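Student: I have not looked at this structure before. Could we go through it with a few questions?

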Amino acid sequence: MMVTGWLISAGVLMIGMVLCGLAAWRRPTFEALVALELAGTLSTVTLVCLTVGFQQPSYANVPIVAAVLNWVGCLVYIRFLDRSRA
């Protein structure tokens, strides 16, 4: 297997997800939610890069599902955080 630019970019994006995790751990609740959402977006883009890097079109379903679940998860988190503030 040859390491391509897609696989290198996926590795760089994974480092970004670690940094988002650190930010979510150290910040207040609503700022942590922003970091968590950015990590979800980065994970979706990482999965797309891995799909192209490994040249497996069948893997393309995973980032599509991850994007939808990231959006739904954001709505659920905001709903529960809104209840906890009231």
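Student: How many disulfides does the structure hold?

Tutor: This is a predicted model. A disulfide needs a pair of cysteine sulfur atoms within 2.5 Å. Cys20 is in no disulfide, as the nearest cysteine sulfur, that of Cys74, is 14 Å away. The number of disulfides in the structure is zero.

Student: Is Cys74 buried or exposed?

Tutor: The sulfur of Cys74 lies too far for a bond from the closest cysteine sulfur, in Cys20. Buried means under 20% relative accessible area. Cys74 has a relative accessible area of 19%, so Cys74 is buried.

Student: And Cys20, what is its relative accessibility?

Tutor: Cys20 also counts as buried. The cut-off for that word is under 20%. The relative accessibility of Cys20 is 8%.

Student: In which part of the chain is confidence lowest?

Tutor: The mean pLDDT of the chain is 91, and 98% of its residues reach 70 or more. Where pLDDT is low, the predicted coordinates should not be read in detail. Confidence is highest in helix α1 (residues 5-26), at 95. Confidence is lowest, at a mean of 88, in α3.

Student: Which residues make the nonpolar surface patch?

Tutor: The patch covers about 590 Å². Patch residues need over 30% relative accessible area. Val72, in helix α3 (residues 61-85), has 37% and is partly exposed. The residues of the patch are Val68, Trp71, Val72, Leu75, Val76 and Phe80.

Student: What distance separates the C-alpha atoms of Thr29 and Leu81?

Tutor: Thr29 lies in helix α2 (residues 29-54). Along the chain, Thr29 and Leu81 are 52 residues apart.

Student: Thr29 has a relative accessible area of 47%; what is it called on the scale from buried to exposed?

Tutor: Buried means under 20% and exposed means over 50%. The 47% of Thr29 falls in between, so Thr29 is partly exposed.

Student: Is Gln55 buried or exposed?

Tutor: Exposed means over 50% relative accessible area. The relative accessible area of Gln55 is 66%, so Gln55 is exposed.

How values were computed: Residues are numbered from 1 along each chain as its sequence is written. This is a predicted model: local features need pLDDT of at least 70, side-chain atom pairs count only at pLDDT 80 or more; totals for chains, interfaces and linings use all residues. Side-chain values use heavy atoms; hydrogens and water are left out. Patches are made of residues with over 30% relative accessible area and no salt bridge: like charges are joined within 9 Å, nonpolar side chains (Val, Leu, Ile, Met, Phe, Trp, Tyr) within 5 Å. Accessible areas come from the Shrake-Rupley method with a 1.4 Å probe; for residues, only the protein chains shown count as cover. A salt bridge is a side-chain nitrogen of Lys or Arg within 4 Å of a carboxyl oxygen of Asp or Glu. Helices (H or I, at least four residues) and strands (E, at least two) are DSSP runs, numbered from the N terminus. Buried means under 20% relative accessible area, exposed over 50%, partly exposed in between (1.4 Å probe, protein chains only). pLDDT is the predictor's confidence in each residue, from 0 to 100.
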